[in-house]
Amino acid sequence: MCDKMTLLRRITLLLVLVSVVLPVRTSAQTGEPDVPTVIGAVRWEPDGDRLLVRGRGQPGHWAVWLYDAEGKHPPVEVLSYEEPVSVHWGPDGSHFSVGRNILDAHTLDIKVTLDADSGIGGWTPDGTQVLAWVTSTQLGLFDAATGELVRTVPIGEEMPDAVGWSPNGEYFALVQASGETDIISADDGRRITSVPMAYPMGLRWSPDGRYLAAGFTENVEPGTVGTLPDAVSPRVASVVVWETLTGAVVQRFEELLATATILRWHPQRPELAAGTGIGLVYVWDVETGEQLDVLSTIGGLGGMDYSP
């Protein structure tokens, strides 16, 4: 069980970041700066003082905003965009990336724009390099200060549906178009192992890189316990945690009331939160398998994260 302060902290960190569609009034109507009314992603600054929020403000206006975590200052719009963009903090908090751009976190000036086939997918632990697609079959590591391509990593003959980079920078988890998830070396693209689960959703590495977690749905026979109430055909939803280098299943959390699509690990302890499209957030202790909480948000969940 959780004490009241722990529960309050979870509610503050997880529920305040829900994607809620509010009645929209434009900044021209209110005379105030535009702010997001629909949230698509949130990213905490490494020291927890600020957070980046990607979302939509006034109709048709998509952007990334920088928020003061304590609410002492109004949010600042960083960049607007026409298509969804990736958003990541550098490990020391001095810079962050939005799409292909690297910005100074204090001046908000764009320092580098990559010549790449995608937005930036993450930073190396020392903050010197960033990850992006060079071609449909090659990932590239780029110098974060200059934008120059440092080296490439071959990933196979087809572009995967999703890529997850381990926190230590040593491995990639590739969700292939076939549904299989391969773990490969970030140095040379060598395949380490495959995960025996098809079409994972919300794939997420644990902070120490030992585990991967993801949401899944599976077809079942009619009348099966835990069948999703609104599914067209009988299906069950679960979250599975497995060891990175062996592919062995560590925990399986079942009988969810909706598919888990957003997963986040607690930064200091073996705790996993899984958010669903209907606004439910499940929280488990990964070591014991105990369900710690089920939190309910207002509206659909678009983004969530633990503070550092």
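Reader: Hi! Quick one to start: is Asp187 buried or exposed?
Author: Hello! Asp187 is exposed, at a relative accessible area of 60%. Keep in mind that this is a predicted model.

Reader: Thanks. Which residue forms a salt bridge with Asp187?
Author: That would be Arg151, with the closest N and O atoms 3.8 Å apart. Arg151 sits in strand S12 (residues 149-154), while Asp187 is in the loop between strand S15 (181-185) and strand S16 (191-195), so this pair ties together parts 36 residues apart in sequence.

Reader: And how accessible is Arg151?
Author: Arg151 is partly exposed, at 29% relative accessible area.

Reader: What does Arg50 pair with?
Author: Arg50 forms a salt bridge with Glu45, and their closest N and O atoms are 3.2 Å apart.

Reader: Are those two buried or exposed?
Author: Glu45 is buried, with a relative accessible area of 6%. Arg50 is buried too, at 18%, because the cut-off for buried is under 20%.

Reader: Nice. What about Arg252, which side chain does it meet in a salt bridge?
Author: Arg252 meets Glu218, at 3.8 Å from N to O.

Reader: Last one: how accessible are they?
Author: Arg252 is partly exposed, with a relative accessible area of 34%. Glu218 counts as partly exposed at 34% relative accessibility.

Terms used: Residues are numbered from 1 along each chain as its sequence is written. This is a predicted model: local features need pLDDT of at least 70, side-chain atom pairs count only at pLDDT 80 or more; totals for chains, interfaces and linings use all residues. Side-chain values use heavy atoms; hydrogens and water are left out. A salt bridge is a side-chain nitrogen of Lys or Arg within 4 Å of a carboxyl oxygen of Asp or Glu. Buried means under 20% relative accessible area, exposed over 50%, partly exposed in between (1.4 Å probe, protein chains only). Helices (H or I, at least four residues) and strands (E, at least two) are DSSP runs, numbered from the N terminus.
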